[in-house]
Structures are given as C-alpha cells and as structure tokens.
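Trainee: I'd like to learn how to read a fold like this one. Can you show me how you go about it?

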Amino acid sequence: MTKKILTLVISIMISGSISAQDLIARQAPIDKKLNSVDSLALQQQIRTEMAEQQAVDIYPDWDNNTIRYNNAVIPDTYTFNLTGFSMPTSNTRITDVFGYRPRRRRMHDGLDIKVATGDTIVAAFDGKVRIVKNQGRRTGYGKYIVIRHNNGLETVYGHLSKQLVVVNQEIKAGEPIGLGGNTGRSTGSHLHFETRFLGIPINPALMFDFDKQDIVADTYTYNKVKQAVKGGATLMGDNIYYKVRKGDTLSRIASRQGVSIDYLCKLNRITRKTILRPGQVLRCS
Ligand SMILES: [Zn+2]
C-alpha cells in the first residue's frame with residue numbers, strides 16, 4: 001500500500017511541476033490539492049486495498065467442498081465494496097426471491113433469475129473459484145460454482161448446464177464461469193444466485209438490481225445486530241436473543257439472524273439435531 005500511495009503522491013507533485021527547492025513553500029497548496037482533487041482516488045485506493053486485505057484474513061480456511069463454515073468468527077459489521085461488479089447474467093426476470101417460504105417451510109438462500117439453457121453466466125467480482133461440484137436432483141444445486149471474492153463476499157451459481165472453471169482458478173469479474181441450465185432441484189432453466197458472507201446467506205437483491213442491471217449502491221454493509229433484530233430477535237446488553245416460535249428450525253433462525261447454524265449451536269451448546277421448543281430462548285450473538 002505504502003509504495004502505491006508514494007507513487008501517487010510523487011505523480012501529483014510531478015504533474016504540478018514542483019521542484020524540490022520550492023517544495024516547502026508550496027507545501028500548503030500540495031496538501032490542499034491532495035485533500036481535494038486527488039484524495040478521492042487515494043482514499044478509494046486505500047479503502048479497496050484494506051478491504052482486500054481484510055477479506056483474505058477474515059475467512060478461517062479454504063476448502064473445496066462445503067459452502068458453510070464451522071469455525072467462522074462473524075464480525076458485528078462488515079462493509080463490502082461492490083464497485084468492481086459484473087452482473088452474473090444479462091437476464092432481468094426474477095422468478096423467486098430470497099427468504100423463508102412458508103409453503104415449503106424452508107429458506108430460499110438466493111435469488112432465482114430466469115435464464116435459458118446455454119446462456120453465459122459470468123463471475124460477479126474478481127476472486128478465486130472455491131467449489132465446482134454437482135448435486136443430484138434431490139439435493140439441490142445441481143452443477144454449481146462457489147467463488148470467494150476479494151471484497152469479502154462469496155457467490156454461488158446453481159443449476160448450471162455446464163461449468164467452465166476449475167477449483168482454485170483465479171477469476172476476473174465478468175469472466176464466463178458456466179452456462180445456464182436446469183440441473184439439480186429445479187423446474188425450468190434458471191440461475192440460482194447467492195451472495196454469502198462467511199457462509200451466511202445475504203439477500204442478493206440488497207446488492208444487485210437485475211432489472212436495472214446495476215448494483216444497488218457502491219457498498220453494502222452487513223450488520224449482525226440489524227439483521228438479527230429484523231429477524232425478530234431482541235438486543236439485551238451486548239447479546240442478541242431470539243425466542244423460538246412454532247415452526248422455527250435452526251436453519252431458518254440462523255438465516256434470519258444472519259449467523260451460521262454451527263455458530264448458533266456452539267453458542268447455545270446444542271446440536272443440529274436438537275429439537276427446538278416454542279418459547280425457548282436462543283442466544284444469537
Ligand atoms: Zn433458487
């Protein structure tokens with residue numbers, strides 16, 4: 001980082017035709033210049049590099065098999081830089097939204113976008129391919145891909161007819177990664193698209209506007225407390241508590257609270273198989 005900033009500062013000095021002798025005399029104008037015109041670019045650069053560094057550090061491990069993380073420490077808040085995005089598909093029609101579906105009594109962890117079989121699907125951001133797998137018709141995703149991005153997000157692309165990348169492959173935003181399809185638990189060809197943070201599904205519609213083919217804003221901030229309270233939990237002191245309701249499952253609660261199932265289990269000393277009683281109180285942070 002330091003080297004790049006230094007280069008930037010030097011280039012500002014050169015472009016301003018300032019010699020070493022009158023540098024001190026002109027110090028004030030330089031500072032002013034830095035603060036106004038060029039500081040935006042500089043700040044942006046620092047922010048991007050810091051975000052990339054954070055993203056590398058925040059994930060507990062790199063594995064090519066499972067989407068969720070068992071040992072992730074979830075920060076209270078985290079901001080993703082979305083500016084280097086590419087829309088995964090040029091198709092705009094959403095056929096199913098994110099969230100809990102009472103009719104099926106399960107969570108839909110992503111967004112469904114109508115695509116034709118064979119349509120090109122591209123990477124949403126720069127990153128590295130973590131998973132390239134195939135799940136059967138009964139279990140879900142079909143042919144799918146998971147990419148970890150430099151901005152800290154992970155994206156999932158499901159029901160593909162063909163995968164065009166291999167695990168551990170470095171990828172750029174907009175590069176083709178697969179072709180749309182109808183594999184796995186799917187009726188009619190579509191792209192199942194997920195955005196996740198440390199395994200926790202976040203509604204992609206909060207970041208991507210498929211209709212406008214644009215991002216919703218330059219950044220998205222994940223906030224553990226906000227997500228928990230929105231999901232029906234209560235903040236007491238520094239901790240978040242959730243009172244189990246009829247029909248709740250661990251996966252539903254975890255998704256709504258913005259934490260992983262394993263995190264909930266660990267915190268409450270229960271297992272994935274524990275039967276929840278309505279009225280029971282779970283600690284969520
Ligand atoms: Zn879906």
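Mentor: Start with what packs over a helix. This is a predicted model, and in it the cover over the buried residues of helix H5 includes helix H4 (250–257) and strand S20 (281–283).

Trainee: Which are the buried residues of helix H5?

Mentor: In H5, residues 261–268, they are Ile261, Tyr263 and Leu264. Around the axis they cover an arc of only 165 degrees, which puts them on the same side of H5.

Trainee: What does Leu264 touch?

Mentor: Leaving aside residues up to four places away in sequence, Leu264 touches Leu250, Ile253, Ala254, Val259, Leu282 and Cys284. The general idea is that nonpolar side chains tend to be buried together in soluble globular proteins. Here the largest nonpolar core has 50 residues, and Leu264 is among those that touch the most other members, along with Ile145, Tyr157, Phe197 and Cys284.

Trainee: Which strand gives the largest share of this core?

Mentor: That's strand S8 (residues 143–149), with 4 residues. Domain 2 (79–222) and domain 3 (225–283) both contribute residues, so the core lies between them.

Trainee: Back to the helix. What follows H5?

Mentor: Arg269 does, and its phi is positive, near 50 degrees. You'll then find Ile270 in the loop between H5 and S20.

Trainee: Is Ile270 exposed or buried, or something in between?

Mentor: Count the neighbours: a residue needs 20 or more other C-beta atoms within 10 Å to be buried, and 12 or fewer to be exposed. Ile270 has 15 within 10 Å, so it is partly exposed.

Trainee: Now the sheets. What is the order of the strands in the sheet that contains S20?

Mentor: The order is S18-S19-S20, an open sheet of 3 strands with antiparallel pairing. Strand S18 (234–236) and S20 are at the edges with a single partner strand each, so one side of each has no neighbour in the sheet. From one strand to the next, the twist averages 35 degrees.

Trainee: How many bridges join S18 to strand S19?

Mentor: There are 3, and S18 and S19 (residues 239–243) run antiparallel.

Trainee: Can we try another sheet? What is the order of the strands in the one with S12?

Mentor: Read it as S6-S12-S10, an open sheet of 3 strands, again with antiparallel pairing. S6 and S10 are the edge strands, each pairing on one side only.

Trainee: How many bridges does S12 make with S6, and how many with S10?

Mentor: Strand S6 (residues 120–122) pairs with S12 (residues 176–179) over 3 bridges, while strand S10 (residues 162–163) pairs with S12 over 2 bridges. Have a look at Leu179 in S12: it is the bridge partner of Thr120, and Leu179 is also the bridge partner of Lys162.

Trainee: And to step back, how many helices and strands are there in the protein chain?

Mentor: You get 5 helices and 20 strands. Of the 285 residues, 32% count as buried. For contacts with a separation of 6 or more, 67% come from residues 24 or more positions apart.

Methods: Residues are numbered from 1 along each chain as its sequence is written. This is a predicted model: local features need pLDDT of at least 70, side-chain atom pairs count only at pLDDT 80 or more; totals for chains, interfaces and linings use all residues. The arc is that of the directions from the helix axis to the C-beta atoms. Two residues are in contact if their C-beta atoms, placed from the backbone, lie within 7 Å. Two strands pair if DSSP finds at least two bridges between them. Axes are lines fitted to C-alpha atoms, for helices over the stretch in contact, and angles run from 0 to 180 degrees between N-to-C directions. A nonpolar core is a set of buried Ala, Val, Leu, Ile, Met, Phe, Trp, Tyr and Cys residues joined through C-beta atoms within 7 Å. Domain bounds come from an automatic or database domain assignment.
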